[in-house]
Structure formats: structure tokens, C-alpha cells
Amino acid sequence: MEAEEERFPRLRQVLLLFVLLAHTCAEREDYFITEETESGSFVANLAKDIGLGARELSRRRARIIFNNDKKHFQLNLQTGDLQVNEKLDREELCGPTEPCVLQFQVLLEEPLEVYRYKLLVTDINDNSPVFPEAEMILKIMENTLPGAVFPLKNARDLDVGVNNVQNYTIYPNSHFHVLTRNSGEGRKYPELVLDKALDREQQPEFRLTLMAVDGGTPPKTGTTLVLIDVLDINDNAPEFVQPLYRVQILENSPLGSLIVTVSARDLDTGINGEVVYSFFYGDEEITRTFALNELTGEIKIIRKLDFEKIKSYELDIKASDGAGLSGKCTVVIEVVDINDNTPEMTVAPLISSIPENSPETTIALFSIQDPDSGENGRMVCSIQEDVPFTLKHSVENFYKLVTEGVLDRETRSEYNITITVTDLGTPRLKTQHNITVTVSDVNDNAPAFSQTTYTLRVRENNSPALHIGSVSATDRDSGANAQVTYSLLPPADPQLPLASLVSINADNGQLFALRSLDYEALRAFEFGVRAADRGSPALSSQARVRVLVLDDNDNAPFVLYPPQNGSAPCTELVPRAAEAGYLVTKVVAVDGDSGQNAWLSYQLLKATEPGLFGVWAHNGEVRTARLLSERDAVKHRLVVLVKDNGEPPRSASVTLHVLLVDGFSQPYLPLPEVAAAEARADPLTVYLVVALASVSSLFLFSVLVFVAVRLCRRSRAASAGRCSGPEGHFPGHLVDVSGAGTLSQSYQYEVCLTGDSGTNEFKFLKPFFPSILNQDLGRKSEGNPTFQNSLGI
């Protein structure tokens, strides 16, 4: 219960600040209530005055908030009635201040709305006048003339207005009557007036009752006993230099500081002229705060002053001589405010987290106050300049902290805002309050790939489920908005079986090859990858991935020529008159791999007669290594090894059959340098190699046909016509064999049967060069008979 009571004042302070959010702040009529009204008493129906139903008050969570943090009243949310929660004591709430006004607000939430009210607490006559002393002693000279006035101590009444002291009476009143006077400060005090001359010898003493009466209904009274001693003659009473002293003193004056010195003079001599100073009546607040030197009249501070509690004091000082005569003066002490109170700030943070990109939003409401006065109580409010927030003044001393433009969490996710309230006093005092505001994330950033294009390389013949690489995307957002999920995009080429080639890990972007890749079947492929976050709505971005399949040396060289189809071996014919370097044939091979795995080299592995033939390592041309002689065997078997440049290298071998024949004309043999130049002329093309093999086969078949026809028509050879030239050749037939593979030049072979030979011989394998080479040879032969003879021209 105690914890709840402690929490309510704080809650009321916080809710009071909600006034900033209200679009209107309505001032309503005043309510009145008499002090000491019983708890639970009806004051007013707020629901009716506001114009809302009782249920509407409950739904909008109406609350009552008092400025002094007291729970004087309660609001019945069922009926809308404002009821007294505890008895009110006007004297405790307001003291002598009149009127006694309690300000409160009615706060409605959802939407926020506030209504201001003033509650006037009216005084009842519940306090009687009280004299400071139960007995007053007054000494009067016996020769005092009738009409003389003697001041008496006034009574105090805590009530105000008509309920305060209105008049004084005294009884019995055979020699005296009392007058009621008004002081400049609004107090009423009594003065005793002598009506008849005194005679000490007849009556040396009077015992009178002084009664103070207030104006209440019924009136209340207070009494004190006045003892009057009739003295012998003392002609002069003490008289103050000035009847009223006004002084000012700073509230922070040190203890013992002299405020003022009052002075009174007495024209008598001796004991009748000695003046003693004293407070006219012993008010507890005054006697605890000030000290009066009875001999010198000095008034000093004996307790700390506080302007915020008491702004001024009024002291009545009496000066008495030794014979009992006295005089009176008034000292008014005004306490001067100093800047000794720091500004007070009450903050109600509404939200501690704000979504980024939000429009202007109220973060906190707060009120400021300074108990000081004047410039010491004036305040300015500010925050630091490096934050996107601003302060907006609302009503009176209320402010709200609002955002200044939209916030970006990715730029800054947290702000520490220091609200500083400074007064304008000297020295300036300030109060600071820190508010931490976090910026919550909104999904406003799409995932961003580290690269727009990724190039991955994987060697063919890989194992399935091989990790071939990764893609990576980051999202500047946080939480679920930054959780990235990866997926494959449909391929642009519908023929690409992407789903069976690669897969992607949705969580980390790792890519895996689903099956073994074959460089010869698929050298490269490309696909798209999407990275999407888990925000709402989800944002995504794309990147391209290109996968290059690296060649592995998994294909051995394949020999195109001579063909290796298991049929009868092909025999190459070489005239014995061939010179060294004569082109016997050319081994043509290809390799399905690429790069250095397809770089082929040739070497002679076996030979019937070593040293007779040689193989060019780079183009596979088989040439004679020396001149042929009659002692050389007719048939030769050569085994040529074709090897690639892979790691490890793969190879293939081919067997050549060479037949040495007689009687053929010497063909032109190009020089090795020319042959090497010709070998670099055309690129290796599989289609041309196949064409070369086809044409070569057709050429061999044509040769066999011509031989057969020549043998069958041998007897008619003479009449069938002759070949052009001095030897009577048949017309030549040209067979074109285009270069392919590593065969660099096109070759045309002239086949012409001789008609006048006694033996069945034919001219064989005279290469016919293209026109460009013929033109070049023609230019070289011009004017060079020796060169012409070497060409057989």
C-alpha cells in the first residue's frame, strides 16, 4: 500500500506533462468547497461538465492531477463524480493566503486531452484567537492623564477574512476601555485607553481580562489576563527614533549577521532613563530566527533564511525604561532572493524507441520550474546541437522533445540526448537530464552482393556435391530484416538444366555442383542468384554467376589419318629416287581436350630400319631422313606415337606401312623452312581434318581405279591418246587434299599414267601447290635456270 502511495505522486507528475500532447487546454469554471468537508463528499460531476458520459471517462482513463502532488480528491469513473478523498485544512494548505486556490487538471487519454480547474477552499471558523501570552503586565504611572493609550499584544487567529480577529473587549472596565486598531499589514491589535485618573494609594493594581473576538458564526474568542501596576511618577517613556524600520537582507546571509539596530531615547535620568529592548510578543518563528540585544537594540540572524518559505518578517520591538514605561516600533525585514535553487525538471519519456523513417514524433514531455524569483527564476531550455531533435515550447513551462526530420538507423542507431535547463540568475544554475532514444529498424535496405558478377572455376570430372564457391550479400538492416536467404533464378536459356547442375545453400550462399561436369560437353554456363531478406515486405537483389569448367586431361589423342578402323592397312608409296626430307605422309590427330592438354607431339616409336625415316614432332609429317639406296628394304613398318601435353600425358600410336618403288619422277619437295611456314598458315580445324581424311581416301580409291583401268586397257593405250608433254602422258588428274589438324597446307596430287612405258608404271604424288605458291615459285624461277631445272620445268 505504501509503495502504491509513493508511486501515485510520481505518476501524477508524469501524467501532468501529457498536457503537451493535447490540442486544446480548456480553462473551466471554478469549484468551491468548504474546508473540513467529510471524505467522500460530492464536489462536482466532471463528466457532465466536460460533456462526456461516465463510461467515456473510464474508457479514456481519466485521471485527476494536483500541482502539489497531494491526493485531495478522487474521481469516480463509474459516475463521473469528483469526491473528497481526505479532509482539507485551509490553514495547512494556504496559511494566511487568501483566497486559497487549489489547481488541478483532468487528464483524458486516447486521445490525450486536458482540462484545467480551480478549486477554491473556503474558510470556516474552526480556529479561536490565541494570545501569545496568558498574562500581560502593564505598568502605568499614577499621574497618567486620562486618554493615554497603551499598546497591548494582539491575538493570532489562523482563520482568514471575517473569521479572523475583528475586535477586542476588556472587562471589568471601570477605568479603561480598549480600542481595536488596524495595522498597515492588515492586522488588528488592541490599545488600552485610560478613562479615569489613577491613584496608586487607592488602587495600586488592576486585573483585567482582554478578550479577542473573531467574526465567525458563531464567533470564537480568546482571552488573556492584563495585570496593571500603578507606579509612582515617571515623567517620560522611551521613544524610538523612528516608529517603522524597513530593511532588506539576502537570504544567504551568514548566521550572526547584523540586520538593523533600533534606537529609543528616554529623557528621564537614572534608572528611569535606562532603556531595555525586547520583542513586544514572543512569536516562535521570530524568536527562533532573530536575536535582539536588549541593551544595544541590535537585531541579528540566528537561523538560515529562505526566501522561498518566508519572504518578509514583521517584528514589534518594545523599549522599556527602569520605571516600567515603554515605547514601541515596528521593524519590517524583507528577505532578498538569491539564485540558490537549481531549476527543477520533471520528465515523462513517452517512448524510448522510434522506428526509423518516422515523421515528426514526440519523444518526451517535461515541465520546468525554479522556486527563485525574478531573473533567478527565469529559465531557458536547450539540447545539444549534434542530434536530429528539437525542443518545442507548449504552454506555460511545458516543453516537448520531438524529432527533427526522419531518422536513419543505419547511420545512427542510438542517441543520447541531454536536456539542459539554465536559469538567468547570477551565477547561473542549471539542471541536466539524459534521455536515450534507440532507433528501431525498418526494412528499407535490400541485400547487397559483394560483387555484381561472380566467376567460379571448377575442374571437370568433379565429384558430385562439390563446393565450388560462394556468393555473399549483406543487409544494412538488423534482426529479421538483415537475415539473407539465397536462391537460384530460372536460367535465361531454357535448355540449360540448371536444377541438375548446381544448388545453393539458402542460409550462407554456398554453391555446390550436383553432378560431375564434362568440359567437352559444357565448357561454361551462367545463372542468376537472388538474395532476399526476411523483412516485410521482403527486399531482394540479384547477381550473376558464371561457372567456367576447367579442362582435365581425360581424352587421349585420336588419330584421323591414317584411319584406324581395322581394315586393311594403308600403304604409302615412296620412290627410291626421293631425296632426304621427302614427305612420305602426314599423321593427323586431334585431342578432345583444350589448352596444353591438346598440344600434340609426334615421335617415331619403332621403325623397320631406324634412321631411314623421321617424324616431325610438331606437325606429324613423316619424311625421309636420308637418300634411299638399292640396299634399303622394299617394305617398311613405322609406329608413330602421338602424345598430348597434359598431366599426366595421354598418347596413341599408329602404324604406317611404307613401300619403296622405282620409276617415279622426282616430285618437288619443299624445304623444311617453307614447310614449317606453311604449317602455321591455317588453324587446326576438326572439320577440315575430317575432310582431309575423306579426300585422301577418295584419292587412294581413284589411284586404284586408274591402275585397274590401265591394266585392263593396256592394249588400247596407244590409240587412246597421249598425255601432254614430251613423254606422251595421259591427261593428269588432280586430287585436292585440304590441310586439317596439324597439316598446315592443302596438297594437290597429280596422277598421270604413261602411255609409252614398257612397264606398268605411273607418275605418282607430284604435289600441286596453290596458286599463291605457284606465283611465288614462278617469281623465284624467273631468270634462274638452275631453280627451274630443280622443279622439272
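The largest cavity of this predicted model is lined by Phe279, Phe280, Tyr281, Ile286, Glu314, Leu315 and Asp316. A cavity here is a set of points, on a 1 Å grid over the protein atoms alone, where a 1.4 Å probe fits but cannot get out, and a lining residue has an atom within 4 Å of a point. The largest cavity holds about 50 Å³ of space, where a volume is the space filled by probe spheres set on grid points that are joined across faces, edges and corners. The structure holds one cavity of 30 Å³ or more. Strand β23 supplies the largest share of the lining of the largest cavity, namely three residues; strands (E, at least two residues) and helices (H or I, at least four) are DSSP runs numbered from the N terminus. By class, five of these lining residues are nonpolar, none is polar and two are charged. In this scheme Ala, Val, Leu, Ile, Met, Phe, Trp, Tyr, Cys and Pro count as nonpolar, Asp, Glu, Lys and Arg as charged, and the others, Gly among them, as polar.

Residues are numbered from 1 along each chain as its sequence is written. Because the model is predicted, local features need pLDDT of at least 70 and side-chain atom pairs count only at pLDDT 80 or more, while totals for chains, interfaces and linings use all residues, and side-chain values use heavy atoms, with hydrogens and water left out.

**The largest pocket**

A pocket is an open set of grid points with protein on both sides within 12 Å along at least five of seven lines. About 1,400 Å³ of space lies in the largest pocket, which is lined by 32 residues, with Pro96, Arg156, Asp157, Arg187 and Asp283 lying nearest its centre. The elements that contribute two or more residues to this lining are β11 (165-171), α5 (284-289) and β23 (312-320). Of the elements, α5 gives the most to the lining of the largest pocket, with four residues. The lining of the largest pocket divides into ten nonpolar, seven polar and 15 charged residues.

**Sheets and strand pairs**

Two strands are taken to pair if DSSP finds at least two bridges between them.

| Strand pair | Sense | Bridges | Facing residues |
|---|---|---|---|
| β9 and β15 (residues 221-231) | parallel | seven | glutamate 135 and leucine 225 |
| β29 (residues 389-393) and β30 (residues 398-403) | antiparallel | five | leucine 391 and leucine 401 |
| β49 (residues 635-643) and β50 (residues 651-661) | antiparallel | nine | leucine 638 and leucine 656 |

In the hairpin of β29 and β30, four residues lie between the strands, and glutamate 396 takes a positive phi near 50°.

**Backbone features in loops**

The peptide bond from tyrosine 171 to proline 172 is cis, with omega near -15°, and proline 172 is found in the loop between β11 and β12 (176-182). A cis peptide bond also joins threonine 217 and proline 218, with omega at about -5°; proline 218 has its place in the loop between β14 (205-214) and β15. Asparagine 357, although not a glycine, has a positive phi of about 65°, and this asparagine 357 is placed in the loop between β26 (353-355) and β27 (362-369).

**Confidence**

The predictor's confidence in each residue is its pLDDT, from 0 to 100. The mean pLDDT of the chain is 80, and 81% of its residues reach 70 or more. Confidence is lowest in strand β51 (residues 733-737), at a mean of 35, and highest in strand β39 (residues 510-513), at 96. Over residues 1-27 the pLDDT is below 50, and this stretch has 60 contacts beyond near neighbours in sequence, a contact being heavy atoms within 4.5 Å. Residues 665-682 also have pLDDT below 50, with 36 contacts beyond near neighbours in sequence.
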